[in-house]
Amino acid sequence: MRDRDPFNEPETAHPRARELMTEAFFWDCADEEAPFGSDEGHDAYYEFRRWRRRNKQKPLTNCLAWIMRGVDLMSYNDDLCSDEAVAQALEKPGEAFLAGAYDMFTLDATVIATCLGQLLDEGRIDAAAKPYVRVAIRRQLHPRVVTSERRREILLAVQRIVDPA
């Protein structure tokens with residue numbers, strides 16, 4: 001039996017995801033600015049699915065900890081959204097948070113797509129994981145990071161669906 005693919009068959013996504021994710025870009029896996037359009041976002045979703053098959057009852061924060069290679073999740077917090085932390089991530093990426101594994105965009109895109117992946121498949125985002133997706137969104141919305149007005153609109157739409165998810 002093959003896995004359902006919500007990007008080719010949106011009707012196979014959880015009904016709550018379809019209710020909340022109304023903009024077409026949520027379903028576009030070719031749009032680089034969309035949550036699942038970048039290689040990082042697309043790969044993160046399918047990695048989440050593989051992780052979930054092995055960890056059926058585990059909370060999403062366990063997946064996020066796995067992504068962050070065992071770093072204490074509490075370190076992925078609003079401090080990373082400060083002007084100083086963003087400047088460091090942009091100007092000295094080798095010294096940024098998790099620099100040995102990810103650049104800022106890759107990590108944030110992975111967190112966003114992983115959390116939205118749970119919404120696509122399970123119709124919710126675990127409450128304990130929401131602070132981490134909020135950090136990713138806030139950091140990507142930083143004026144030095146957001147790449148275009150369209151990207152800003154996409155991130156604001158993601159932000160809009162996190163609480164009700």
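1. **A buried aspartate.** D108 is buried, at a relative accessible area of 0%. Buried here means under 20% relative accessible area, exposed means over 50%, and partly exposed lies in between (1.4 Å probe, protein chains only). D108 sits in helix 5, residues 104–122. Helices are DSSP runs of H or I with at least four residues, numbered from the N terminus. Leaving out residues up to four places away in sequence, D108 touches Y76, A136, R139 and Q140. Contact means heavy atoms within 4.5 Å.

2. **What kind of model this is.** The model is predicted: local features need pLDDT of at least 70, side-chain atom pairs count only at pLDDT 80 or more, and totals for chains, interfaces and linings use all residues. Residues are numbered from 1 along each chain as its sequence is written, and side-chain values use heavy atoms, with hydrogens and water left out.

3. A136 belongs to helix 6, residues 130–140. A136 has 0% relative accessibility, so it counts as buried. Which residues does A136 touch, not counting those up to four places away in sequence? They are Y76, D108, V111 and I112. A136 and Q159 are 23 residues apart along the chain, and their C-alpha atoms are separated by 9.9 Å.

4. **Helix 3 against helix 5.** Two packed helices are described by the angle between their axes and the distance between the axes. Helix 3 (residues 60–67) packs on helix 5 at an angle of about 155°, and the axes are 11 Å apart. Helix 3 is therefore roughly antiparallel to helix 5. Axes are lines fitted to C-alpha atoms, for helices over the stretch in contact, and angles run from 0 to 180 degrees between N-to-C directions. Under 35 degrees counts as roughly parallel, over 145 as roughly antiparallel, 65 to 115 as roughly perpendicular, and the rest as oblique.

5. **Who makes that contact.** Helix 3 contributes L60, C63, L64 and I67. Helix 5 contributes L107, T110, V111, T114, C115 and Q118. The residues of this contact divide into seven nonpolar, three polar and no charged. Ala, Val, Leu, Ile, Met, Phe, Trp, Tyr, Cys and Pro count as nonpolar; Asp, Glu, Lys and Arg count as charged; the others, Gly among them, count as polar.

6. C115 is in no disulfide either. Both residues count as buried, C63 at 1% relative accessibility and C115 at 0%.

7. **Two loop residues to check.** R69 is not a glycine, yet has a positive phi of about 55°. R69 lies in the loop between helix 3 and helix 4 (83–91). L98 is not a glycine either, and also has a positive phi of about 55°. L98 lies in the loop between helix 4 and helix 5. Are these residues buried or exposed? R69 counts as exposed, at 58% relative accessibility. L98 is buried, with a relative accessible area of 16%.

8. **Helix 4.** A85, V86, A87 and A89 are buried in helix 4. What covers the buried residues of helix 4 includes helix 5 and helix 6.

How values were computed
Disulfide = S-S within 2.5 Å.
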